[in-house]
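Here is a short report on the charged side chains of one protein and the fold around them. Take a look at the model first.

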Amino acid sequence: MQAERKAGWRLQILIALVGLIILVPFAWMVATGLMTTGQTLMVPPNLIPSPPTFDGISEVFNRVPFATLLVNTIAVSFGRAMGTLVICAMAAYALAIIKVPGTSAILVGILVLIMVPGDIFIVPNFAIIASFRMTDTLVALFLPSLFDVFGVFLLYQFFRGVPRELIEAARLDGASHLRILVTIVVPVARSGILSLAILSVLSEWKDLLWPLVVNRSIDKLTLGPGLALLRGVYTTDWNVVMAAGAMAALPMVAIFLILQKQFITSFARSGLK
């Protein structure tokens, strides 16, 4: 009993240390964003702003169209999440419920594609988008990412857990595949749907390389590449950069804190990490 109690304390201390390591960079970013440029250049570095100032935040709005970048990011993230959910749900339904011919081979192909770095598709994706004359548009930012092989695999795991009795009963009542998907499978696997939506939004929110490749106008960029323009050629006002980074991260932090219970539960049920 005493050994188990000691092991529990050690585990809690380890979790606290890991949490502290994760939180320190974010806390440092917020603290730097509340400093003046002179405070950020002090040696040794000052970890606490004294006194705190919002000059960095106001300078962000003077240097870049932050509101436009934020609206673009929200619109692109919403478009990607909705498109990804529709496409991945239909693909996962075909594999898990209908069990189309070659399901095993398709799943092997999906697992192989998950291990392939997505950056190698940038050149062919750009060629396709350019052939459609869609460069420098918001649609170009999320269109190549709508089909997400990880999303298909994630929903496949959840759809496999849908009771077959419900699906067979719906088929006996004459329900179509689309109706079964919308009225039975999606509600039962809603935690997986929610997880994929959050992952899609997070991925689009922090994407940096693809927007810089496909778009040129700053009013067609998202927060990641837009805020990267705050870095100077010779010198950088790190309080401005950190203030912009903190403001860009706050919406995602708020969404995760609100939905963290469903997010963690869904991944625990799927067996994925």
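Which residue forms a salt bridge with Glu59? Arg63 does, and the closest N and O atoms of the pair are 3.1 Å apart. A salt bridge here is a side-chain nitrogen of Lys or Arg within 4 Å of a carboxyl oxygen of Asp or Glu.

This is a predicted model, where local features need pLDDT of at least 70 and side-chain atom pairs count only at pLDDT 80 or more, while totals for chains, interfaces and linings use all residues. Residues are numbered from 1 along each chain as its sequence is written, and side-chain values use heavy atoms, with hydrogens and water left out.

**The fold**

The protein has 14 helices and 0 strands. Helices (H or I, at least four residues) and strands (E, at least two) are DSSP runs, numbered from the N terminus. The C-alpha trace spans about 70 × 70 × 30 Å along its principal axes. Of the 273 residues, 36% count as buried. Buried means under 20% relative accessible area, exposed means over 50%, and partly exposed lies in between (1.4 Å probe, protein chains only).

Now the contacts, meaning heavy atoms within 4.5 Å. Take those between residues at least 6 apart in sequence: 74% of them join residues at least 24 apart.

**The salt bridges**

A search of the whole structure finds 5 salt bridges.

| Pair | Closest N and O atoms |
|---|---|
| Glu59 and Arg63 | 3.1 Å |
| Arg80 and Glu204 | 3.0 Å |
| Asp219 and Lys220 | 3.7 Å |

Start with Glu59 and Arg63. Both lie in helix α3 (residues 55-63), 4 residues apart, or about one turn of the helix. Glu59 is partly exposed, at 27% relative accessible area. Arg63 is partly exposed too, at 38%.

Next come Arg80 and Glu204, which form a salt bridge. Arg80 lies in helix α4 (residues 66-98) and Glu204 in helix α11 (residues 190-205), so the pair ties together parts that are 124 residues apart in sequence. Arg80 is buried, with a relative accessible area of 8%. Glu204 is buried as well, at 1%.

Last, Asp219 bridges to Lys220. Asp219 is partly exposed at 39% relative accessible area. Lys220 counts as partly exposed at 27%.
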